[in-house]
Amino acid sequence: MASLFTGFMTDTWVAATMVAVVAGVVGFFVVLRGSSFVAHAIPHGSFGGAAGAALLVGVDGTILGISGTIAGLFVFAVAGALGIGWLGRRGRHDVATALSLVMMLGLGFLFLSWSGQYADALYSLLFGEVFGIPASDLLPMAVLGLLCVVGIASLFRPLMLSSVLPEVGEARGVRAGWVETGFLMVVALATTMTVPVVGVLLMFSLMLGPAAASRSVTSNPRAALAMSVGIAVLTVWIGIVLSYASNWPLGFFVGVSGAVWFVAGRAWAWRRRIRGVPLAA
Amino acid sequence: MGAVSAIFAAGFFQNGSVHAALLAGAVAALVTGAVGTFTVLRGQSFAGHATGEVAATGGSAAMLGGLNPLWGYLGIAVIVAGAIEALGVQRPRARDLATGLVLGAGLGIAGLLLYLDTTGTSTSGAAVTVLFGSLFAVTRSALPGMVALGGVSLALVVLTYRLQLLTALSPDLAAARGVPVRLVSLAYLLSLAVAVSLAAETVGAVLATALLIGPPATALRLTKRPGLAVLGSGLIGVAAAWAGTVLAYDSYYWPPAGRSWPPSFLIVAVVFGLYLGSGAVQRVRGRRRAPLAPGAVPAATA
């Protein structure tokens, strides 16, 4: 197990930890706002962008000095966020999310079928490839992660207000539409940096599980936020060790532990209720 | 004759796998359209999508065991639909969260199975078939089973139509009127599981959502009468599936030359285009009805 901490594995730990911090922070608001479907759709749909980039410049190619995969993910994630926002204002929000998702994925499948030779490399994007993060990706990931955290920090109060007490927020002059758009953009940025590590299919599990568990334990938003980050980091660390030992995809461990955290949080809340300790929702 | 041969490339009507594709697509689209109307009315797109996507687990497990993925889809879809219902969370936010975590766990297992599929038998096509479907690979022998399943699912929804409608629109009112809400929901979920499995067999597990949500959402924008919407979304779905099949057959001659475009993508694109088009129709109608407020976007009803 000593080789877990040497050589390229250092990059793995750094990348995965950054991913977990961002997922924990963004996930807290995803759960608070009930945006589970959006948090699933944007990363999932961004797969199309990565497939498109592979078609243009190859799997290892670069676009304007940025890794092609990251550039492709970014373009599709942002387009998806804007599309969901735009369609969602004109119709049912869940329908808008579902149809944006399938359209992006459909395009991804089209690109995939054109770039047949890259297909195998792209599958790693579905379920994540934590051990293959190139060192050159760390800097763009750190920048994007920082942008997410700064974005959330600067939106913190309006986000809290419009999520928890939309009417009060409205009365205080919080523009719900702009907050929603800003939040969708943060999810898009988080997607771009996290997907290469955790995979498009299970990114949202890392956002939902820890945040849901922490909300069952504490109703203090700052404590819940910190706890959500802590659990997400723990999840990823455990995942890396198990994935390294078993050679199974990291996404498997992340997806299953997301559900485990949720159930554990529920059990905790249930026990407290049984004992008669009041729990603020 | 010229127009016909411009649309249908040579050999379209003689090709056996085209016949199977047209029939399979029509059955899947008809059933998902009818069932999906209630999914959209219930506001449960995410649950519908999750059911289809986790069904990929069953599909990949079935392929690992050398079975037709349809039975795998169906088995898992029934379990997932049951799990989401058993969690029984009524508030939409909490329900979406529970749905998401069931989905996450299912996808994790799907990932593992696909990984075992690909490393065990070195068929990297398994992932593509399960996730994105391959309409032209639907075999004739699978068709009778699909038709029978589709018939059962359709019958479940049509026979309980009034109860389904009331439960979807107002569960409280339905309960107050003595409708067995949970039983009705169970019937809905069973037919959803079948519908999604059929769609997964044709357009793939992750794109099944297109057939489940797109045609019903389009139909509900065009008519306010629910019965008409159920019928219309079935027909819209069939039209999209057939248009996608025809285009896929034609696409052999499109760039990049010598390779057909995947029918799954073309069906999704047609579905998406129809939804956008119905939005435009709705806006034009709204403007006609409300001439007093020029430029105002009418309150969206669907």
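Visitor: Let's start with α6(A) and α8(A). What is the handedness of their crossing?
Guide: α6(A) and α8(A) cross in a left-handed way. One caution before we go on: this is a predicted model.

Visitor: Noted. At what angle do the axes of α6(A) and α8(A) cross?
Guide: At roughly 155°. The axes come within 9 Å. Here α6 covers residues 138-164 of chain A, and α8 covers residues 176-198.

Visitor: Parallel or antiparallel, then, for α6(A) and α8(A)?
Guide: Roughly antiparallel, because the angle is over 145 degrees.

Visitor: Which residues make that contact?
Guide: From α6(A), they include Met141(A), Leu144(A), Gly145(A) and Leu147(A). From α8(A), they include Ala176(A), Val179(A), Gly182(A) and Phe183(A).

Visitor: And how many are nonpolar, polar or charged in the contact of α6(A) with α8(A)?
Guide: Fifteen would be the nonpolar count, written 15. Another five are polar, and no charged residues take part.

Visitor: Zoom out. How many helices and strands does chain A have?
Guide: Chain A has eleven helices and two strands. Along the sequence the pattern reads α-α-β-β-α-α-α-α-α-α-α-α-α.

Visitor: How much of chain A counts as buried?
Guide: 56% of its 281 residues. Now take contacts in chain A between residues at least 6 apart in sequence: 78% of them join residues at least 24 apart.

Visitor: Where is confidence lowest and highest in chain A?
Guide: It is lowest in α5(A), with a mean pLDDT of 68. It is highest in α10(A), residues 221-246, at 89. The chain A average is 81, and 89% of the residues score at least 70.

Visitor: Switch to chain B. How many helices and strands there?
Guide: Chain B has 13 helices and zero strands. Of its 302 residues, 52% count as buried.

Visitor: Show me a helix pair. At what angle do the axes of α2(B) and α7(B) cross?
Guide: Roughly 15°, and the axes come within 10 Å. α2(B) spans residues 16-42, and α7(B) spans 143-159. The crossing is left-handed.

Visitor: Which residues meet there?
Guide: On α2(B), among them are Ala20(B), Leu23(B), Ala24(B) and Val27(B). On α7(B), among them are Leu143(B), Met146(B), Val147(B) and Gly150(B). The contact of α2(B) with α7(B) has 13 nonpolar residues, two polar and no charged.

Visitor: Now the place where the chains touch. How many residues does each chain give?
Guide: Chain A gives 44 residues, and chain B gives 44 residues.

Visitor: Which helices of chain A each supply at least two residues to that side?
Guide: α2, α4, α5, α9 and α11 of chain A. The largest share comes from α4(A), with 15 residues.

Visitor: How does the side of chain A that touches chain B divide by class?
Guide: Into 28 nonpolar, twelve polar and four charged residues.

Visitor: Back to α4(A). At what angle does it pack with α3(B)?
Guide: About 30°, with the axes 9 Å apart. α3(B) is residues 45-64. α4(A) is roughly parallel to α3(B), since that angle is under 35 degrees.

Visitor: Which residues of α4(A) and α3(B) meet?
Guide: Asp94(A), Val95(A), Thr97(A) and Ala98(A) meet Ser45(B), Phe46(B) and His49(B).

Visitor: Last topic: confidence in chain B. Which helix has the lowest mean pLDDT, and which the highest?
Guide: α1(B), residues 2-7, has the lowest, at 64. α11(B), residues 208-222, has the highest, at 91. Chain B averages 80, and 83% of the residues score at least 70.

Visitor: Where does pLDDT stay under 50 in chain B?
Guide: Over residues 292-302. For that stretch the model has eleven contacts beyond four places in sequence.

Visitor: And what are the ipTM and pTM scores?
Guide: The ipTM is 0.82 and the pTM is 0.83.

Technical notes
Residues are numbered from 1 along each chain as its sequence is written. Chains are lettered from A and ligands numbered from 1 in the order in which they are written. This is a predicted model: local features need pLDDT of at least 70, side-chain atom pairs count only at pLDDT 80 or more; totals for chains, interfaces and linings use all residues. Two residues are in contact if their C-beta atoms, placed from the backbone, lie within 7 Å. Helices (H or I, at least four residues) and strands (E, at least two) are DSSP runs, numbered from the N terminus. Ala, Val, Leu, Ile, Met, Phe, Trp, Tyr, Cys and Pro count as nonpolar, Asp, Glu, Lys and Arg as charged, and the others, Gly among them, as polar. Axes are lines fitted to C-alpha atoms, for helices over the stretch in contact, and angles run from 0 to 180 degrees between N-to-C directions. A crossing is left-handed if the near helix is turned anticlockwise from the far one by less than a right angle, and right-handed if clockwise. pLDDT is the predictor's confidence in each residue, from 0 to 100. A residue is buried if 20 or more other C-beta atoms lie within 10 Å of its own, exposed if 12 or fewer, and partly exposed in between; C-beta atoms are placed from the backbone. Angles under 35 degrees count as roughly parallel, over 145 as roughly antiparallel, 65 to 115 as roughly perpendicular and the rest as oblique.
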